[in-house]
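The structure comes first and the description follows.

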Amino acid sequence: MDSNSNTVVVTGFGPFRQHLVNSSWEAVKEMSKLGLGENIDLHIMQLPVAYRKAKELVCKIWGTLQPLLTVHIGLASSSKAIIILEQCGKNKGYKEMDVCGFCPEDGCCLLDGPERIESTINMKTLWKNISVEGIDVAFSRDAGREN
């Protein structure tokens, strides 16, 4: 599958638990106002904090839009960092119920899925070279846990 060379998708998440307004979605909406430049076809989407529906929508993004890049912006309320650059995501260890009351069987998001997925972007290099005044940036090799 070839990617559309100028399509970038950025997602934020919807409300969950005590977060009636999810700051990740608010940030994505602001980003859409600014854009990413005239040569970038920016698409934004709010993902529900629901395992099954989020999976369905992410698959749809890649299947229909075939973006060059997709960036998922999330809220980590336990983190002190404002921006966490995640190198990889793991398929197991999910014990929290989503907004629909669903919790993946044995804590596994995709029963036949890979153990982990890794970004092709070197987040550690990006982390070392990014500097935003007044904003803490952290690097993580384990989505959901800073390390």
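Of the 147 residues in the protein chain, 25% are buried (buried is under 20% relative accessible area, exposed is over 50%, partly exposed is in between; 1.4 Å probe, protein chains only). The model is predicted, so local features need pLDDT of at least 70 and side-chain atom pairs count only at pLDDT 80 or more, while totals for chains, interfaces and linings use all residues. Residues are numbered from 1 along each chain as its sequence is written, and side-chain values use heavy atoms, with hydrogens and water left out.

The protein chain has three helices and seven strands, taken as DSSP runs numbered from the N terminus (helices H or I, at least four residues; strands E, at least two). Along the sequence the pattern reads β-α-β-α-β-β-β-β-α-β. Among contacts with a separation of 6 or more, 68% join residues 24 or more positions apart, where a contact means heavy atoms within 4.5 Å. The accessible surface of the protein chain is about 10100 Å², and 54% of that belongs to carbon and sulfur atoms (Shrake-Rupley method with a 1.4 Å probe; for residues, only the protein chains shown count as cover).

Aromatic rings are treated next. Rings of Phe, Tyr and Trp (its six-membered ring) pair if their centres lie within 6.5 Å; planes under 30 degrees apart count as stacked, over 60 as edge-to-face and the rest as tilted.

| Pair | Centre to centre | Angle between planes | Class |
|---|---|---|---|
| Tyr51 and Tyr94 | 6.1 Å | 75° | edge-to-face |
| Tyr51 and Phe102 | 6.1 Å | 70° | edge-to-face |

Tyr51 lies in helix α2 (residues 51-65), whereas Tyr94 is 43 residues away, in the loop between β5 (88-90) and β6 (116-118). Phe102 is in the loop between β5 and β6 too, 51 residues from Tyr51. Tyr51, Tyr94 and Phe102 form one aromatic cluster. Tyr51 is partly exposed at 21% relative accessible area, Tyr94 is partly exposed at 27%, and Phe102 is partly exposed at 23%.

Arg52 lies over the face of Phe102, 3.7 Å from the ring centre. The rule for a charge over a ring is NZ of Lys or CZ of Arg within 6 Å of the ring centre and within 35 degrees of the ring normal.

Leu69 is placed in strand β3 (residues 67-72) and is partly exposed, with a relative accessible area of 30%.
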